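Morning, everyone. I have one structure to show today, and I'll keep it short. Please look at the screen.

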Amino acid sequence: MLVWNCHVKMTGIIVEFDWWSFSQYFFIIGLSANEEDMIMNLGNSLFHARKKCGMSQEEVAEKLGVSRQTISKWETNETVPDIYQAKKMARLYNVSLDDLIEFDIEMREIQEVIEKSSEQVEDKIDWTNAWGKKYPILLKYQEDVNIPNYAHRISGMLDELKQEYQYSELDAMLVLKDILYHVWKNRKKGK
């Protein structure tokens, strides 16, 4: 089995490897800052994915045919798993390889809540009040904003989406909400 010993440096990552096995694997030299961050976060992603499955390092090690210390080194970024071991872990943790590499426990939990919620449950939730705890403006803007003016303009945009693209009422709302989110996100980035 190939084990990569990685040392992050200003110029990238130096990878020690078995030349005989090289043709089966890949390595990257001269990583950008974002790629270095990805490598540094890989261990954290592996740790959270394992914990989410309720497995110990020993259990994962046994199923992958490696030592517990190897799992520990992967999770602390001392080494990284080869592509075959990473694929096995992804299957073991029931996530795609991409999701395993960028595993975000909060996003995973949010996705599970979304998948499990029904329309009946969603209708019972006062989203303004729920989000208002984090964003108080949602609880008090009604006093200041000319809501009918904005509601009329937004209603017109919803009607345009429905007519032009034959969207349902719900689809038009979701599309408009997504467009608004991306406009806000781009403004936040200064674009």
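I'll take confidence, then a surface patch, then the aromatic pairs.

This is a predicted model. The chain averages a pLDDT of 78, and 77% of the residues score at least 70. Residues 1-39 are below 50. That stretch has 58 contacts in the model beyond near neighbours in sequence. Where pLDDT is low, the predicted coordinates should not be read in detail.

Now the surface. There is a nonpolar patch of about 1100 Å². Its residues include Val121, Trp127, Trp131, Tyr141 and Met157. Which elements give two or more residues to this patch? Helix H8, residues 127-132, and helix H10, residues 147-165. H10 gives the largest share, four residues. Tyrosine 141 sits in the loop between helix H9, residues 137-140, and H10. Its relative accessible area is 30%, so tyrosine 141 is partly exposed.

Next, the aromatics. The structure holds three aromatic pairs. I'll show two of them.

One is tyrosine 165 with tyrosine 167. This pair is stacked, at 5.6 Å centre to centre, with 25° between the planes. Tyrosine 165 is partly exposed at 45% relative accessibility. Tyrosine 167 is partly exposed too, at 32%.

Another is tyrosine 181 with tryptophan 184. Here the rings are tilted: 6.1 Å centre to centre, 40° between the planes. Both residues lie in helix H11, residues 169-189. They are three residues apart, so about one helical turn separates them. Tyrosine 181 is partly exposed at 40% relative accessibility. Tryptophan 184, at 48%, also counts as partly exposed.

That's my part. Over to you.

Key. Residues are numbered from 1 along each chain as its sequence is written. This is a predicted model: local features need pLDDT of at least 70, side-chain atom pairs count only at pLDDT 80 or more; totals for chains, interfaces and linings use all residues. Side-chain values use heavy atoms; hydrogens and water are left out. Patches are made of residues with over 30% relative accessible area and no salt bridge: like charges are joined within 9 Å, nonpolar side chains (Val, Leu, Ile, Met, Phe, Trp, Tyr) within 5 Å. Accessible areas come from the Shrake-Rupley method with a 1.4 Å probe; for residues, only the protein chains shown count as cover. A salt bridge is a side-chain nitrogen of Lys or Arg within 4 Å of a carboxyl oxygen of Asp or Glu. Buried means under 20% relative accessible area, exposed over 50%, partly exposed in between (1.4 Å probe, protein chains only). pLDDT is the predictor's confidence in each residue, from 0 to 100. Contact means heavy atoms within 4.5 Å. Rings of Phe, Tyr and Trp (its six-membered ring) pair if their centres lie within 6.5 Å; planes under 30 degrees apart count as stacked, over 60 as edge-to-face and the rest as tilted.
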